[in-house]
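Subject: Structure handover

Hello,

Here is the structure I promised you.

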Amino acid sequence: MTSVHERRTTSTRDFTESSRLQDALHRNVPGGAHTYARGSDQYPEGMAPVLVRGDGARVWDADGNEFVEYGIGLRSVTLGHGHRGVVDAVTRTIADGVNFSRPTVLEAQAVEDFLTLVPTADMVKFAKNGSDATTAAVRLARAATGRTLIGVCDHPFFSVDDWFIGTTGMAAGIPDDVVDKSIRFRFNDIESVRALFTDHGDDLACVVLEAATASTEPAPGFLEAVRDLCDRHGVVLVFDEMITGFRWSEHGAQSVYGVTPDLSTWGKAMGNGFPIAALAGRRELMELGGLNTDADRVFLLSTTHGPETASLAAFRAVVAAYRSEDPVGAMTRFGTALADGVNALAADAGVAPHLRAFGRPAALLFGTADAEGTPSQAFRTLFLQEIIDRGVLGQSFVPSAAHTDDDLRVTLDAVAGAIGVYRRALEAGSVDGLLRGRPVAPALRRTAAPRRL
């Protein structure tokens, strides 16, 4: 028998003010948000909350709706909103000034903290976003090798700059001769890496990849083989630690898997949401952007706001929290319990494996497939619609260390309710009559707006 909550065709939550604010954002901001992944097209139609505040793993929107939030700050907030240690450190620091004409003692202290955390790196330079850090790594590699080609793994995102965005569906405005210098290879497919080196080894400046993804561990020997190929061909190996750093370990995925890159790039969770990133690596490479080089100098990272004190204080507070607490362990325990709960509910309702939680517990994802077992944006949107209606906000189940047992209960209750609707869609073979609007679409796509069903 179908329950009342399975039959409803309108949201039980009011998004009137959020929708008004979102319309204003669309009038004044291209895309309606300052990050494509935060766009309203990534959420069910009319259900894109505009947020007002957060506390721990909870957020509230402009209409007063409360949600348990996942993937907080695009995975940048591992300690939770308003973490007292971070807030207190930032508050104390900014009272004495935020930006100066010379380096501060805080910079020197933050550098020491970083290099203690990442002993495989000799030097580090801070930035404000991960794109700049990763592009700086590419520039260093090209300068060091005198080569131009870049081996780019098929991970979703590395940088907003032309060398990477030109390889995606949003390549408008990027010259073909720039795009042609970035050669793709497949993660965990060592033959595709060998083919890259066979075809382009003498012209490769660097290979850029994440050591692992939320859904896929590196196959045994894969990273070691990539390291060996780079060594034999004189190619710079770059690990992107934006997501893995402070989730796999505060020392990075490189410490988990025991493979050391030449350069690594960091960001996201470094500041628990405050804007800070880093490029780190071997001295002989990093010094090409310094003063102690006989070679042509590289314009590495040089930004007005790179060393502002608020973010450096936040970073140092994050380091302190990771020393005194166990955020990775907390995220892993919560993610494991959530995955077990979601998958048990799906199995009991007969919707597994069409709906499932999977991946590394500290970076947990959910998968949505249609009746044929094919990954489906329409079914994904239906699931999002139903959990948002029940007080859970997130494009994933990526947890923070602030998620509580009560957050787990709310989430599993929401999933249980959503599964009833999802099952009806599977039985019908379609989301027609259940999805209230158009499906979500990939953030990086060639055309503008997803169409309604």
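One term before the findings: a residue is called buried if its relative accessible area is under 20%. Please also keep in mind that this is a predicted model.

**Strand 2 and its sheet**

Start with strand 2, residues 58-61.

Strand 2 has a partner in strand 1, residues 51-55. The two run antiparallel, with four bridges. Asp55 is bridged to Arg58 of strand 2. Two residues separate the strands in this hairpin, and Gly56 has a positive phi near 65 degrees.

Strand 2 also pairs with strand 3, residues 66-69. That pairing is antiparallel too and has three bridges. Trp60 sits opposite Glu66 of strand 3. This hairpin has four residues between its strands, and Gly64 adopts a positive phi near 85 degrees.

Strand 3 and strand 13 are parallel and share two bridges. Glu69 is opposite Leu393 of strand 13.

**Gly271**

Next, go to the loop between strand 9 (263-266) and strand 10 (277-281), where you will find Gly271. Is this residue buried or exposed? Gly271 is buried, because its relative accessible area is 0%, below the 20% cut-off. Apart from neighbours within four places in sequence, Gly271 contacts Val86, Ile276, Ala314, Phe315 and Val318. For a distance check, take Leu21, 250 residues away from Gly271 along the chain. Their C-alpha atoms are 28 Å apart.

**The cavity**

Last, the empty space. A probe the size of a water molecule, rolled over the atoms, shows where such space remains. The structure has one cavity of 30 Å³ or more. The volume of the largest cavity is about 30 Å³. Which residues line the largest cavity? They are Val98, Asn99, Phe100, Arg102, Thr104, Glu107, Pro307, Glu308 and Thr309. By class, this lining has three nonpolar, three polar and three charged residues.

Best wishes

How values were computed: Residues numbered from 1 in each chain as written. Predicted model: local features only at pLDDT ≥ 70, side-chain atom pairs only at ≥ 80, totals over all residues. Heavy atoms only, no water. 1 Å grid on protein atoms, 1.4 Å probe; cavity = no way out; pocket = protein on both sides within 12 Å on 5 of 7 lines; lining within 4 Å. Points joined across faces, edges and corners; volume = space filled by probe spheres on them. Nonpolar A, V, L, I, M, F, W, Y, C, P; charged D, E, K, R; others polar. Buried < 20%, exposed > 50% of the residue type's maximum accessible area, 1.4 Å probe, protein only. Pairing = 2+ DSSP bridges. Contact = heavy atoms within 4.5 Å.
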